[in-house]
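Open the model in your viewer and keep the selection panel at hand.

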Amino acid sequence: MDIKYNLKSASERRTEPFMPEGDVGFGKLRTDHMFLMDYRDGQWCDPRIVPYGPFEMAPGAMSLHYGQSIFEGAKAFMHEDGEIYTFRLNKNAERMNRSADIVCIPNIDEAMQVKAINALIDVDRLWFPQQEGACLYIRPFIFATEDRLSVSPSQQYTFCVMLSPSGAYYASGVNNGIRLLISTQFHRAVSGGTGASKAAGNYAASLRAGKAAVEYGASQVLYLDSTNTQIEEAGAMNHFHILKDGTLIIPTFTDTILKSITSQSIMELGEMLGCEVRQETVMLDQFIADIESGEIIEAGGFGTAAVVSPVSSYIFEDGRVITVGDGKVGPNIQRIYKLFTELQKGHVAAPQGWVNRVERVAP
Ligand SMILES: *Cc1c(COP(=O)(O)O)cnc(C)c1O
């Protein structure tokens with residue numbers, strides 16, 4: 001499908017590279033344009049790039065009432081050659097369709113999703129923030145637009161891609177770990193539910209747990225399975241831990257865990273990292289015992305936003321705190337962060353197909 005371009009006039013859009021003065025933050029800024037495509041009469045149609053701005057939508061749009069809405073998150077980086085490169089977008093497109101299946105949204109051809117994102121970045125490439133560690137955060141999402149009050153799959157949808165020029169997540173390297181609340185009260189997902197989908201409703205459902213975490217001085221909840229015996233993941237990142245022999249362990253993906261592309265990439269990079277990476281069921285009791293005995297020396301979360309978030313301690317609902325290792329960011333996590341960001345920046349050759357240049361295709 002050919003993409004139509006309805007761009008802002010030269011006087012309304014950025015014409016010089018973006019040289020921010022201070023830190024641009026994460027997810028705050030927008031670029032000049034967005035990509036849109038509609039679903040009606042049983043097919044995706046009218047792919048177009050238009051000025052970024054409000055949608056016109058019926059108050060009866062089904063996403064507003066019944067939550068049929070899903071999203072993705074990815075990043076693009078500028079390399080030393082001044083070109084912009086995306087990171088594993090095909091994995092995001094594939095996961096978008098997996099999320100779509102779970103909440104009955106029609107799939108979008110993966111190549112079309114990738115093409116849409118590339119075309120948008122190309123048009124707004126001057127928005128790439130010229131700052132150390134910066135990126136263009138990519139947010140594709142799909143939502144139901146049919147005006148109908150009925151709990152059934154919508155017959156109409158919009159696919160939108162927007163971009164957010166963002167700064168380095170860690171301004172001066174990974175220095176501090178976070179605290180997670182191990183919650184037996186809140187659950188992110190149940191088997192047979194929507195946990196393996198990046199469905200908007202999952203995040204609305206996590207807000208109350210997030211508030212509770214803050215009350216405990218923690219930054220997020222570490223979710224357990226519904227029997228409170230197994231470790232699942234955190235609110236927006238997969239969980240992992242590292243044994244003293246260097247083995248990295250990620251809980252086995254189930255239908256209550258969102259398959260992080262960062263986690264999947266770390267598993268594929270095991271050899272480059274020089275350690276064994278494996279998935280297994282992680283029992284909470286054993287995990288705690290292994291931290292206390294020193295068998296587990298590092299732990300953290302994987303996700304696109306931060307790449308890796310080290311966890312320095314866990315707090316239980318009864319106030320008990322356990323510290324991982326000496327509470328400082330360990331060498332394995334430093335090494336993972338360094339390798340991953342070097343791959344993204346093009347300083348180290350990434351596996352075939354992971355890093356792709358955004359071509360100049362705009363008219
Ligand atoms: C997005 C997300 C992650 C991280 O996935 P990445 O592909 O690595 O960004 C992990 N868990 C949940 C619940 C998420 O929504």
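Select the charged side chains first. This predicted model has 32 positive and 43 negative charges, and their mean positions are 3 Å apart.

Next, show the whole protein as a cartoon. There are nine helices and 18 strands to find. The radius of gyration is 21 Å, close to the 21 Å that the globule rule gives for 363 residues, so the protein is as compact as a globular protein of that length. Along the principal axes, its C-alpha atoms fill a box of roughly 65 × 50 × 35 Å.

The accessible area comes to about 16,200 Å², and carbon and sulfur atoms account for 50% of it. Of the 363 residues, 53% count as buried.

Hide the surface and go inside. Select Phe 35, Trp 44, Ile 70, Ile 121, Ile 138, Ile 142 and Phe 159: within the largest nonpolar core, which has 36 residues, these touch the most other members. Colour the elements that give two or more residues to this core, including strand E2 (33-40), strand E3 (43-51), helix H2 (89-102) and helix H3 (110-123). The largest share, seven residues, comes from H3.

Centre on Trp 44. Which residues is Trp 44 in contact with, leaving aside neighbours within four places in sequence? Among them are Met 1, Met 37, Pro 106, Ile 108, Ile 142 and Phe 159.

For the last stop, select Phe 77, Leu 248, Val 308 and Phe 340. These belong to another core, of 26 residues, that lies apart from the largest one.

How values were computed: Residues numbered from 1 in each chain as written. Predicted model: local features only at pLDDT ≥ 70, side-chain atom pairs only at ≥ 80, totals over all residues. Heavy atoms only, no water. Helix = DSSP H or I, 4+ residues; strand = E, 2+ residues; numbered from the N terminus. Rg over C-alpha atoms; globule rule 2.2 N^0.38 Å. Buried < 20%, exposed > 50% of the residue type's maximum accessible area, 1.4 Å probe, protein only. Areas by Shrake-Rupley, 256 points an atom, 1.4 Å probe, with all protein chains shown as cover. Lys, Arg positive; Asp, Glu negative; His and termini not counted. Charge placed at Lys NZ, Arg CZ, Asp CG, Glu CD. Core = buried A, V, L, I, M, F, W, Y, C linked by side-chain atoms within 4.5 Å. Contact = heavy atoms within 4.5 Å.
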